Every structure is written in C-alpha cells, then in structure tokens.
Amino acid sequence: MKPMIDLKKQYMEIKDEVLSMLNEVLESSQYVLGKRVMELENHIKKYHGVQEAIGVASGTDALHLSLKALGIGEGDEVITTPFTFFATVEAILYTGAKPVFVDIEPDTYNIDVSLIEQKITERTKALLPVHIFGHPANMKNIMDIASKYNLKVIEDCAQSFGAYLDGKKTGSFGDAGCFSFYPSKNLGAYGDGGMITLNDLHVADEIRKLRNHGSKGGYRHECLGYNSRLDEIQAGILLVKLRRIDTYNNKRRENASLYNSLLSDAVITPVEKNGAYHVYHQYTIRSNKRDFIQQYLREHGISSVVYYPIPLHLQEATGFLGYREGDFPVTEQVSQEVLSLPIYPELDEEDIRLISEVIHKCLKG
Ligand SMILES: Cc1ncc(COP(=O)(O)O)c(C=O)c1O
C-alpha cells in the first residue's frame with residue numbers, strides 16, 4: 001500500500017545528524033527544558049519575527065495555555081471554525097469558555113471572515129482561526145475585526161509551519177501562534193511537542209509559568225499550572241529538521257503543483273489565494289464522488305484520508321452546545337466531499353503521476 005506519509009524515508013535521509021544529536025542529548029543528561037529547547041525557541045522566534053517562542057508538550061497544550069494566559073475562561077465565548085481537528089475545540093472547552101462556530105470558505109476551507117461579526121456578543125473574548133491544511137486564514141480581516149471589537153486572536157498553526165500571507169508568517173499576526181510538532185506535521189518531532197509564538201512579554205511569562213506547574217522555579221508556585229514541558233530529545237530532532245523546513249515545504253508545493261496540473265480537469269484542486277504561501281500540510285481534493293474515489297484508490301493500493309468526515313458541531317462530544325445539522329452548510333458539504341492525498345516531501349514524481357492516473361481512470365468509469 002502506498003502510504004499517506006513516509007516518515008522512515010525522511011529519517012533515512014537525516015539519520016546521521018539525528019543520531020549524533022540524540023547521542024549529544026543523552027550524554028548531556030539534561031532531558032527536559034534545557035539548552036536545545038532554548039535554542040529551538042530562539043530559532044523559531046527569529047523564523048517568525050516575534051519576540052517570544054515557548055516550547056510546550058503538544059499543539060493542544062499550546063492552544064490551551066495560550067487561551068488561559070490571555071485570560072479566556074468560564075463565561076467567555078471564542079469564535080472558531082467547525083472544520084478543524086477536534087483539539088482546537090477541546091482547548092477552548094478546557095478553559096471553561098464556549099466555542100462559537102462560524103462556517104468556512106468553500107475554497108480555502110478556512111473560517112469565512114464575512115460571517116464572523118454577526119456571531120460577536122458581549123461575551124466574545126477571542127477569535128481562534130485555524131490555518132487549515134497549511135493555507136493561511138484571512139488574517140488581515142481577522143485582525144481588523146479583533147481590533148474593532150477588542151478581541152484576542154489565537155492562531156492555530158498546527159498545520160501551517162512556514163506558511164505566510166503577504167510575507168508575514170502565520171503565528172505572527174495574533175496574540176499567540178500555536179504550533180504542533182506531532183510527527184506527521186510539516187515540522188514534526190519523533191513524539192509530541194508544541195510551541196507558542198507571541199510578542200507580549202507579560203503573557204509569555206504567564207505561559208512559562210503555566211507550562212511548569214505555575215512556577216518560575218525554586219519550588220515557588222504562584223498559580224495552578226500544568227506539566228507541559230518540551231523535552232530535549234524532541235527539541236534536538238526539531239533543530240535538525242528546522243534547518244530543512246523551507247526545503248520540505250517547497251517540495252510539498254512542487255508536489256501540489258504537479259497534482260494540480262494533472263487533476264484540475266477531474267476534481268476540485270486546492271486554491272492558493274493572492275498573497276498566500278500555502279505549505280500543503282494536506283493536499284485536499286474535492287469531488288461529489290469522494291467515497292468512490294477513495295475506495296478505488298484503496299483497491300489500487302493507494303492510501304488517502306478524509307480530513308474531516310464529521311464537522312465539530314455535529315460531534316457527540318459537542319452535542320451539549322446545541323448545534324444541529326444544517327447550521328453550517330458549507331462545512332457539512334465539504335466534509336462529504338474532501339479527500340486528502342499523499343503529499344509528503346519525499347513522495348516520488350512517479351507516484352504523483354500514478355495516483356492522478358488512477359483518479360482519472362476511476363472517474364472515467
Ligand atoms: C488544526 C490542529 N489543531 C491542533 C492540533 C493538536 O496538536 P497536537 O496533536 O500536537 O496536540 C492538531 C494536530 O494534531 C491540528 O491539526
């Protein structure tokens with residue numbers, strides 16, 4: 001079976017550097033929040049042109065700790081998209097705040113900014129856009145709305161490391177940018193990890209406390225916090241991969257461009273809006289014959305995945321929010337039609353040609 005992602009292939013290319021980094025970390029006997037985490041934070045902060053970067057244990061924690069540090073809690077409302085990974089909404093719910101959904105754009109699958117203002121109430125405290133699949137959300141309009149209504153902005157950049165809009169990186173627009181280093185992400189560790197980028201030094205201090213049991217050190221605890229530390233092994237691996245992230249993203253873009261040229265007459269291919277630099281965490285096509293295509297690909301030994309089959313307003317876990325089928329028509333239709341194809345940087349050109357050919361064959365019957 002041709003896989004969705006081949007992490008072993010990538011590992012074999014960087015094996016020597018990774019093993020030598022691992023050896024360094026293991027011999028240093030400093031395993032959590034040490035020199036490499038600081039080095040990674042410094043590199044990521046420069047990469048994004050922000051004042052602060054803080055390593056945490058996962059992308060989910062990055063969102064949760066950012067929301068908490070920005071003062072979001074019980075009784076507050078946070079506007080977000082129903083077309084994302086569940087963790088986006090979990091993080092809001094962890095704080096006691098209520099997620100308020102807004103439908104998405106049919107082309108980028110990002111939050112539809114024209115629908116945000118009608119959902120703002122006196123309880124709205126923050127906007128939480130997700131740069132879904134690696135395409136930046138419309139941050140210019142989002143920041144305008146936030147400043148008009150005095151709202152915080154937390155960017156979910158789990159899928160968008162390296163993406164930018166008019167030259168400005170995702171994660172550098174809002175009050176906090178939240179990244180995931182889950183292994184399959186564009187910048188992926190060999191375990192869990194996350195990072196928060198931001199400019200406010202006071203909020204950064206709060207997050208540093210929250211990630212370490214409410215303590216700045218010395219067994220003095222100023223508040224209840226969490227154990228959400230990034231470890232040195234993951235930071236070391238991420239340092240090795242960070243040197244290559246632009247090359248990896250470029251490779252994804254080349255793969256996407258070849259798919260586009262081969263598939264645009266058969267299915268709806270992804271768009272890249274003016275000024276946007278898409279990093280194709282996923283290459284997601286759309287067709288009303290989606291299930292048929294997926295089955296046909298499977299029969300021909302090709303993996304594909306539906307991200308996401310059930311919108312978040314229709315999940316069992318969010319039933320208590322009271323949403324119904326029909327509330328977000330674009331999201332609901334898109335969920336029936338999207339299919340993500342293999343796009344990882346090491347994917348061979350022949351595989352892209354083969355996958356595209358199989359899709360054509362399938363649709364011709
Ligand atoms: C959009 C989105 N948000 C949040 C997360 C959560 O990140 P993590 O798995 O590192 O907790 C993920 C990925 O898993 C994601 O894709």
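**Exercise 1. In which sense do strand 5 and strand 8 pair, and over how many bridges?** Then work out how strand 5 is placed among its neighbours.

*Solution.* This is a predicted model, in which local features need pLDDT of at least 70, side-chain atom pairs count only at pLDDT 80 or more, and totals for chains, interfaces and linings use all residues. Residues are numbered from 1 along each chain as its sequence is written.

Step 1. Helices (H or I, at least four residues) and strands (E, at least two) are DSSP runs, numbered from the N terminus. Two strands pair if DSSP finds at least two bridges between them.

Step 2. Strand 5 (152-156) and strand 8 (176-180) pair in the parallel sense, over three bridges. I154 has A176 in strand 8 as its bridge partner.

Step 3. Turn to strand 4. Strand 4 (residues 124-128) runs parallel to strand 5, and two bridges join them. K152 in strand 5 is the bridge partner of A126.

Step 4. From strand 4 the chain passes through helix 5 (residues 139-149) to strand 5, in a right-handed β-α-β crossover. Right-handed means that, with the strands pointing away from the viewer, the path from the first strand over the helix to the second runs clockwise.

Step 5. Check burial. A residue is buried if 20 or more other C-beta atoms lie within 10 Å of its own, exposed if 12 or fewer, and partly exposed in between, with C-beta atoms placed from the backbone. K152, I154 and D156 point one way from strand 5, V153 and E155 point the other way, and all are buried.

**Exercise 2. Describe strand 1 and its pairing with strand 9.**

*Solution.* Step 1. On one side of strand 1 are E52, I54 and V56, on the other A53 and G55, and all are buried.

Step 1. Strand 1 and strand 9 run antiparallel and are joined by five bridges. Opposite V56 stands G194 in strand 9.

**Exercise 3. Examine helix 3 and helix 4, and relate them to the ligand.**

*Solution.* Step 1. Eleven of the eleven residues of helix 3 are buried. Among them are D61, H64 and K68.

Step 1. Find the cover. The buried residues of helix 3 are covered by elements including strand 1, helix 4, strand 5 and helix 6 (201-210). Contact here means that the C-beta atoms of two residues, placed from the backbone, lie within 7 Å.

Step 2. In helix 4 the buried residues are A87, T88, V89, A91 and I92. Their cover includes helix 3, strand 2 (77-80) and strand 3 (98-101).

Step 3. Go to the ligand. It is surrounded by 15 residues, of which S58, G59, T60, A158 and S180 are the closest; a residue counts if its C-beta atom, placed from the backbone, lies within 6 Å. Helix 3 (59-69) and helix 4 (87-94) are the elements that each give two or more residues to this shell.

Step 4. Sort the shell by class: five residues are nonpolar, eight polar and two charged. Ala, Val, Leu, Ile, Met, Phe, Trp, Tyr, Cys and Pro count as nonpolar, Asp, Glu, Lys and Arg as charged, and the others, Gly among them, as polar.

**Exercise 4. Is K2 buried or partly exposed?**

*Solution.* K2 is partly exposed, because 18 other C-beta atoms lie within 10 Å. K2 is in the segment before helix 1.
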